[in-house]
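Subject: Structure handover

Hello,

I am passing on the structure below.

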Amino acid sequence: MPLIKKTDYDYPKWLFNGHLQTIVPGLFRSHVTLPFERERVNTPDGDFLDLDWLKNDSKNLVIISHGLEGNSQRPYMIGMAKQFFSNGFDVLNWNFRGCSEEMNRKAIFYHSGATYDLDFVIQHAAKDYESIYLVGFSLGGNLTLKYLGEKRERNPKIRKGVAISVPLHLESSSVQISKRENILYAKRFLTTLKEKVAKKAVFFPDEIPVGTLRKIKTLKDFDDHFTGPLHGFDDAHDYYEQNSSLYFLEGIRVPALVLNAQNDPFLSDKCFPVKIARQLEAVWMEFPKYGGHVGFSPRKSEDIYWSEKRAFEFITGDQ
């Protein structure tokens with residue numbers, strides 16, 4: 001327990017593999033307009049975060065965290081926000097440092113284990129709510145699970161969490177996404193990450209050795225030279241080991257759902273820990289055969305995405 005063996009996800013048959021199930025919803029999902037209100041908050045270390053709110057005057061809040069090089073307004077973020085907002089919840093889509101189309105003020109930016117920023121967002125929002133629920137996609141899913149499982153004093157208003165398409169084991173997933181069949185995804189991430197570092201290096205030349213950018217060929221290279229050292233880790237391996245949410249699952253005490261598709265091209269075998277799932281008391285794991293990475297497209301275009309339906313069921317259910 002609690003490994004969920006049966007799943008009701010029925011994918012569109014023309015999206016016949018994990019790559020199509022990943023790429024098509026990412027590129028062609030319809031844009032939905034929602035009445036977001038932006039708030040900028042200053043962090044204790046002199047930086048800022050941009051928060052996008054949807055308010056129903058509810059006492060229940062869902063905080064949604066995006067993936068690598070995403071932001072609060074990506075279609076998958078808006079889709080999840082719409083599902084909860086249309087059902088009476090308040091929603092907070094937040095942007096990681098440097099992800100809201102304006103460069104952040106510090107040399108650091110964001111990473112897979114930067115739970116200090118998620119904690120700050122939760123504490124900032126908590127005063128107005130009775131119950132808080134966390135939803136995270138990919139990197140944001142890792143962040144969510146790590147936060148829930150850390151040995152820290154967590155806000156007692158947090159009731160449940162959901163992590164979708166989450167690289168539970170960061171190092172092997174970094175290797176996975178750099179394989180030949182996935183190289184287009186890795187190149188896309190590297191392009192925007194390099195651009196961000198180059199811009200930041202203008203303001204922090206002593207802390208960011210921009211000359212090494214030409215050496216960066218893989219995401220692991222990037223984490224070796226930038227993500228790791230900038231955020232206090234020895235190298236990529238140290239960064240991955242200290243921040244992989246796989247190592248924090250046993251510490252989770254509130255109900256949490258991990259939703260990973262078996263044909264997700266980003267995820268390694270270690271992101272489907274069946275044996276561990278059977279030993280956990282608070283973490284449910286569901287591994288449907290299909291869905292891609294942050295995909296889970298519905299059969300009919302007018303239907304909600306299955307991941308949104310499943311997250312809503314879990315958060316409003318009896319788990």
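Does Phe-312 count as buried or exposed? At 17% relative accessibility, Phe-312 counts as buried; buried means under 20% relative accessible area, exposed over 50%, and partly exposed in between, with a 1.4 Å probe and protein chains only.

This is a predicted model, in which local features need pLDDT of at least 70 and side-chain atom pairs count only at pLDDT 80 or more, while totals for chains, interfaces and linings use all residues. Residues are numbered from 1 along each chain as its sequence is written, and side-chain values use heavy atoms, with hydrogens and water left out.

Aromatic pairs

Rings of Phe, Tyr and Trp (its six-membered ring) pair if their centres lie within 6.5 Å; planes under 30 degrees apart count as stacked, over 60 as edge-to-face and the rest as tilted. The count by this rule is 21 aromatic pairs. One of them is edge-to-face and joins Tyr-9 to Phe-296, with 5.6 Å centre to centre and 70° between the planes. Tyr-9 is in the loop between strand E1 (3-4) and helix H1 (18-28), and Phe-296 is in the loop between strand E9 (283-286) and helix H10 (306-316), 287 residues apart. Helices (H or I, at least four residues) and strands (E, at least two) are DSSP runs, numbered from the N terminus. Tyr-9 is buried at 11% relative accessibility, and Phe-296 is buried at 0%.

Phe-312 has a ring partner too: its centre is 6.3 Å from that of Phe-89 and the planes are at 75°, so this pair is edge-to-face. Phe-89 lies in the loop between helix H2 (75-85) and strand E5 (90-94) and Phe-312 in helix H10, so the pair ties together parts 223 residues apart in sequence. Phe-89 is buried as well, with a relative accessible area of 9%.

Nonpolar cores

A nonpolar core is a set of buried Ala, Val, Leu, Ile, Met, Phe, Trp, Tyr and Cys residues joined through side-chain atoms within 4.5 Å. The largest one has 63 residues, and Ile-63, Trp-94, Leu-145 and Met-285 touch the most other members. A second, separate core of 33 residues includes Met-80, Phe-84, Trp-284 and Ala-311.

Helix H5

Seven of the eight residues of helix H5 (residues 170-177) are buried, so the helix is largely enclosed by the rest of the structure. Among the buried ones are Leu-170, Glu-171 and Ile-177.

Regards
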